[in-house]
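Me: I am new to this structure and would like a close look at a single part of it. Please begin with one residue and its surroundings, then go on to a few other places.

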2 protein chains.
Amino acid sequence: MTRWKLIVEYDGRNFVGWQRQDNGPSIQQALEEAVEKLAHETVRVHGSGRTDAGVHALGQVAHFDLGKRLTERAIRDGLNYHLHRVAISVLHAEEVSEDFHARTSAKERGYVYRIINRRAPLALDDGRAWQIGRHLDAEAMHEAAKVLLGRHDFTTFRASMCQAKSPVKTLDVLTVTRSADEIRITARARSFLHHQIRNITGTLTQVGEGRWSIDRVREALAARDRSQGGPTAPPDGLYFTDVVY
Amino acid sequence: MTRWKLIVEYDGRNFVGWQRQDNGPSIQQALEEAVEKLAHETVRVHGSGRTDAGVHALGQVAHFDLGKRLTERAIRDGLNYHLHRVAISVLHAEEVSEDFHARTSAKERGYVYRIINRRAPLALDDGRAWQIGRHLDAEAMHEAAKVLLGRHDFTTFRASMCQAKSPVKTLDVLTVTRSADEIRITARARSFLHHQIRNITGTLTQVGEGRWSIDRVREALAARDRSQGGPTAPPDGLYFTDVVY
C-alpha cells in the first residue's frame, strides 16, 4: 500500500464543493473516480479541508492509499488524463509515509480572497472574484484586519452549520493589499471555521466602504454573535492557495 | 453629435473576434447592438485594432458617434446593462472631440501573452493562457526578444492574410519575464501585423526550449519569409492590454 499526496487546482464553479454530496458533482468524487479509472481500485480521497461550492483552489492537498505501484509521474499525468473533462488539475503527486494525513498533519492553511473594486462588471473574472462598485479604502480594511489577528473566539464569523468543536482559532496572517482595481485579502491559520474568511471579508468591506469603524469590528468580535458580524462574501473570490505540513 | 470613447474588456473565447463576421458573434456587433438598445440609434463602433477569435482584451479602445445626449455614467452603465449576457464589459466611457479616432489616433498599443509553464493542464486558466509542459528558459527568450526590437521588416512573423500595406513595423517593447510557473511576454508598438505577437511568441518558445539559438532568430527575421519563423502561438494567452493616444 502506498500513500499518495496530491496538490490539486480547481475551478469551484463546476462543483457543489469539495465533499461528496448527493446534489451534484464534488471534487472529492471526481478524484476518487479518476483514481478508479487509472488504477482500478476504489479509494477514499481525503482533503486537507472542505471548500464550498464556487470556492476555487490553487493548491488544495489530498491523500489516498493505493495498492498498485505507479510512479509519481504516472499518478499525476494519469489522473489528469481522466480529469480532462472537468476543471480539476493535479499539479503534483508524491509518495508520502503512511503517517501523513492531508487534514490532520496540516500545520497551516492559506487562502486569498480577490475583490475587483470597480463599477463595471467582470468580463474576464466573472465567478473568479467579487466585484464591488463602491470605493473601498483598502488601508482602512488592513487596519481593521489587525483587530482579528491572533487567538480569538470567532463565533461572530462562524457559519451556523459549522461542525468545529471549538470557535477558538488563531489567525496568523490577515492582510489587505490593493493593486490598481484589485484588493487581495490574505489569510493564514492552522485551521479555519466554516465561512470564517468569507464572513471576515464581508465585515472588512463594511470598513472599506466607511460604514463601520475599526471599533465596531472589535465590538463585533467580542460579541461572539454571528448577527453582529458583517455579511458573508460570495464564494467567487475565495482561493485555497496552499497547505504547510 | 457626440463622439464617445470606450475602454472595453472581453473574454475572447465567446467571439469570432473583434470584427463583424457572418460566422458568429463579434465584439463589434455586440457593442453596436448594445448602443442601439440603449439609445435607439444605429451606429458603427470603430475599434483601435482587430483581435482574433479567442484573443482577450483588458483595455481595447473603441469609438462611436451618438446623436442622443447621455452622461458618461449612463453610457457605461447602460451599455453594461445590455451586455450583461455576453462577456464584454465597458470599463470607461468618455466624451472626446470629433477628431479622435480609436484606430488612426493611436500612438501605441500594448499586449501581454501569458504562458503557464508546467506539466499539469490548466483548471483555472483554461482558454486564458498557453500551457507548455516542456521547461522554458525565460531568460534566453528575453535575450532572443532583443533581436526583434526596433524597426524591421517583420514578414517572417506576418500572417498570410495580413492586410497591412507594409511589413515594416517598429517594436518598442518586447520583454519576457517569469514569475513562478507563469511567463509573460509584453509587446508594445504603434501598430502590429496580423498574428505578429502570436508568431513571435511561437518563435521565442523555440528558443525557450533550447531548440533555436538566438542567431537562428536573427536569421529568421532577416529571411523575411514566414516559413522561416516559428509556429503561431494559440490565441488563448493573448491579451490586448491598452492603447496610448
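Reply: Start with A:Asp52, which sits in the loop between strand 2 (46-47) and strand 3 of chain A. The model is a predicted one. The residue comes with an annotation: UniProt, in an unreviewed entry, lists A:Asp52 for "active site".

Leaving aside neighbours within four places in sequence, A:Asp52 is in contact with A:Val16, A:Gly17, A:His194, A:His195 and A:Arg198.

Strand 3 covers residues 56-66, and A:Leu58 is placed in it. A:Leu58 has a relative accessible area of 36%, so it too is partly exposed. Which residues does A:Leu58 touch, not counting those up to four places away in sequence? In chain A they are A:Val8, A:Glu9, A:Leu91, A:Tyr239, A:Phe240 and A:Thr241, and from chain B there is B:Leu124. A:Tyr245 gives a distance for scale: A:Leu58 and A:Tyr245 are 187 residues apart in sequence, and their C-alpha atoms are 16 Å apart in space.

B:Thr201 lies in helix 4 of chain B, which spans residues 196-208. Its relative accessibility is 0%, so B:Thr201 counts as buried. Not counting residues up to four places away in sequence, B:Thr201 touches B:Tyr113, B:Ile115, B:Trp130, B:Ile185 and B:Ala233.

Helix 3 of chain B covers residues 138-148 and helix 5 of chain B covers residues 214-223; their axes come within 9 Å and cross at roughly 25°. Because of that angle, helix 3 of chain B is roughly parallel to helix 5 of chain B, the cut-off for roughly parallel being under 35 degrees. The crossing of helix 3 of chain B past helix 5 of chain B is right-handed. On the side of helix 3 of chain B, the contact is made by B:Ala140, B:Glu143, B:Ala144, B:Val147 and B:Leu148. Helix 5 of chain B contributes B:Ile214, B:Val217, B:Arg218 and B:Leu221. Sorted by kind, the residues of this contact are 7 nonpolar, no polar and 2 charged.

Notes: Residues numbered from 1 in each chain as written. Chains lettered and ligands numbered in written order. Predicted model: local features only at pLDDT ≥ 70, side-chain atom pairs only at ≥ 80, totals over all residues. Heavy atoms only, no water. Axes fitted to C-alpha atoms, helices over the stretch in contact; angles between N-to-C directions. Helix = DSSP H or I, 4+ residues; strand = E, 2+ residues; numbered from the N terminus. Parallel < 35°, antiparallel > 145°, perpendicular 65-115°, else oblique. Left-handed = near helix turned anticlockwise from the far one by under 90°. Contact = heavy atoms within 4.5 Å. Nonpolar A, V, L, I, M, F, W, Y, C, P; charged D, E, K, R; others polar. Buried < 20%, exposed > 50% of the residue type's maximum accessible area, 1.4 Å probe, protein only. UniProt positions renumbered as here; feature names shortened; annotations may be inferred.
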